[in-house]
Amino acid sequence: MHHSHQAQDSTEYQQIEKQRIRLPELRNRITTAAHAASWIEDGMTIGMSGFTRAGDAKVVPLAIAERAKTENLKISLMTGASLGNDVDKTLTEAGAMSRRMPFQADPTLRAAINRGEVMYVDQHLSETVEQLRTRQINAIDIAIIEAIAITETGAIIPTTSVGNSASFAILADQVIVEINLTQSMDLEGLHDIFIPKHRPRREPVPITSVSDRIGTTAISIPPEKIIAIVITEKKDSASTILPPDEDTAKIAAHLVNFFKEEVRDGRLSNNLMPLQAGIGTIANAVMTGFIDSPFEHLTMYSEVLQDSTFDLFDAGKLDFASGSSITLSAQKSQEVFAEITKYKDRLILRPQEISNHPEVIRRLGLITINTALEADIYGNINSTHVLGTHMMNGIGGSGDFARNAYLSVFATKSIAKDGKISSIVPMVTHVDHTEHDVDIIVTEIGLADLRGLAPRERAQIIIQHCVAQPYKQMLIDYLAEAEQRGGHTPHILEKAFEWHTRYRETGSMLDVTKALKVAA
Ligand code: COA
């Protein structure tokens, strides 16, 4: 059965088939998205490609949603990370999503999670396939993987992300492949697929430099597992990050100054250490700040490669970048993928358990830069739960990196929602990263270097360096009162969440009486 592909005449189409499905016996598996989706059964666990909007399965998931509108069809969905093309939204709206892991960033799904309708397992991104492999979580029935091509041996060549695709395809009973004609054939050779052996006698992951290649360029599976192939021409969704603004530029400048001092004092050399930068606007802006810095021959061992990675390449600042996905704005995506061969020998895409592997992160000595929703005066970080209860996106890879970093940085703007929320609070309402995993906190106000400091010292430095008035005075007062009660980490427990309570009740964390006192 042939996919209806009117745009191509039949000889051109045969050429594409030859180039994209190199194992001839697989060509008769080409089918429609609707037919491929008919393999999915109610209650199945489905593993899909896709990492931060890059390389996601794009048409079969929507066909699953279509079915779910008229029949009882609910799936557990695992991916690399967040998806684009409204896949999470469409599956949620169709009522097809019962469980989701290990990451998401979609407003519709987020709302369903926060209503308690979708069970969301927010997980360190390096751990999902370890738990799958050891059958600690439900096995994957069917994997749906986007590819640029299938090789002569039936191996799958991924597109703009690797994520969990390799292990999903290897561990699933059956595999559906979406061959995406808009993804450049020049991506072939970019990927480095390496699957660790079983524990407890696992050998070391043999990466000792960010540019080391240790695996294969495609995902090897028995070709008979491929039950359907769907040809698509839908593009990756563009990144939603905003350009750097005044505050994020200040955050970047504080960090660049700090690294300059580290170099001056001989603790870092001018190429720093391999850099990891988290997702989102702030982390991207911080990386962009390195363009106008004195540092050179930088490298990245990161997870998502955003616009800033390619800006740094173009500025001649960056020598090499290893990641698990390439997620770009619409404009940048056009530029980069038109000329991907220009960058290819300086790029590797790895499975996320390798890009985020604690062993490798510790060995290479990464400077990790991730983002907090809120931090507390002792340096504990909440990256996931708005006001302690409502899921934003998830922990992603930030825990994999922060815990094992050479130097762990967390950035945040000092205020959110026009100042009605302070991002530095007496006590965080949810802890993703404990104070033990946090060396530096930086806001647009300044930078707190917490290395070697005890909690009472950390509190002084964070309040002095990272917070603006009137929240600064409110924190000084809180700490003074807490210290009178004593303790290694002083708190007034009955007041620790007073700011969050006030926000819920009045729409602002500001204590009007105190704010007036400061103003006077
Ligand atoms: N309380 C409530 N909301 C807050 C807040 C706080 N303390 N701090 C920020 N926000 C809101 C902002 O107002 C903004 O809301 P909007 O989308 O309605 O405008 C939103 O959170 C995003 O904040 P922004 O300042 O634009 O930051 P960002 O785009 O850099 O994203 C995170 C910040 C924390 C949401 C994001 O980095 C994330 O999900 N991190 C967790 C995963 C992770 O770190 N992965 C990295 C490993 S690679």
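Reader: How far is a polar side-chain atom of Lys417 from an oxygen atom of the ligand?
Author: It's 2.9 Å. Keep in mind that this is a predicted model.

Reader: And how far is a polar side-chain atom of Asn393 from an oxygen atom of the ligand?
Author: That one is 2.7 Å.

Reader: How much of the ligand does the protein bury?
Author: The protein buries 79% of the 970 Å² that the ligand exposes when taken alone.

Reader: Which residues around the ligand come nearest?
Author: There are 22 residues around it, and the nearest are Glu303, Leu373, Asn393, Gly394 and Lys417.

Reader: New topic. Is strand E16 mostly covered or mostly open?
Author: Mostly covered. E16 spans residues 367-371, and four of its five residues are buried.

Reader: How many bridges join E16 to strand E21?
Author: Five, and the two strands run parallel. Thr368 stands opposite Ser408 in E21. E16 is also joined to strand E10, residues 275-277, by three bridges, again parallel. In that pairing, Ala277 stands opposite Ile369 of E16.

Reader: What holds paired strands together in general?
Author: Backbone hydrogen bonds, with the strands either parallel or antiparallel.

Reader: Which strands form the open sheet of three?
Author: The order is E18-E17-E24, with mixed pairing. E17 and E18 run antiparallel and are joined by two bridges. Ala375 has Ile381 in E18 as its bridge partner.

Reader: Why is one side of E18 and of E24 left without a neighbour in the sheet?
Author: They stand at the edges. Each has a single partner strand, so one side of each has no neighbour in the sheet.

Reader: Now helices. Which residues of H18 are buried?
Author: Trp499, His500, Arg502 and Tyr503, in a helix that covers residues 498-506. Seen down the axis, the buried residues fall within an arc of 160 degrees, so they line one face of H18.

Reader: What covers the buried residues of H18?
Author: The cover includes strands E17, E23 and E24, plus helix H17.

Reader: Which exposed residues sit on the face turned away from the buried side?
Author: Arg504 and Glu505.

Reader: And what follows H18?
Author: Gly507. Its phi is positive, near 85 degrees.

Key
Residues are numbered from 1 along each chain as its sequence is written. This is a predicted model: local features need pLDDT of at least 70, side-chain atom pairs count only at pLDDT 80 or more; totals for chains, interfaces and linings use all residues. Side-chain values use heavy atoms; hydrogens and water are left out. Buried means under 20% relative accessible area, exposed over 50%, partly exposed in between (1.4 Å probe, protein chains only). The arc is that of the directions from the helix axis to the C-beta atoms. Contact means heavy atoms within 4.5 Å. Two strands pair if DSSP finds at least two bridges between them. A residue is near a molecule or strand if one of its heavy atoms lies within 4 Å of it. A polar contact is a pair of N or O atoms within 3.5 Å; within protein, one must be able to donate a hydrogen and the other to accept it, and residues adjacent in sequence count only if both atoms are side-chain atoms. Accessible areas come from the Shrake-Rupley method with a 1.4 Å probe; for residues, only the protein chains shown count as cover.
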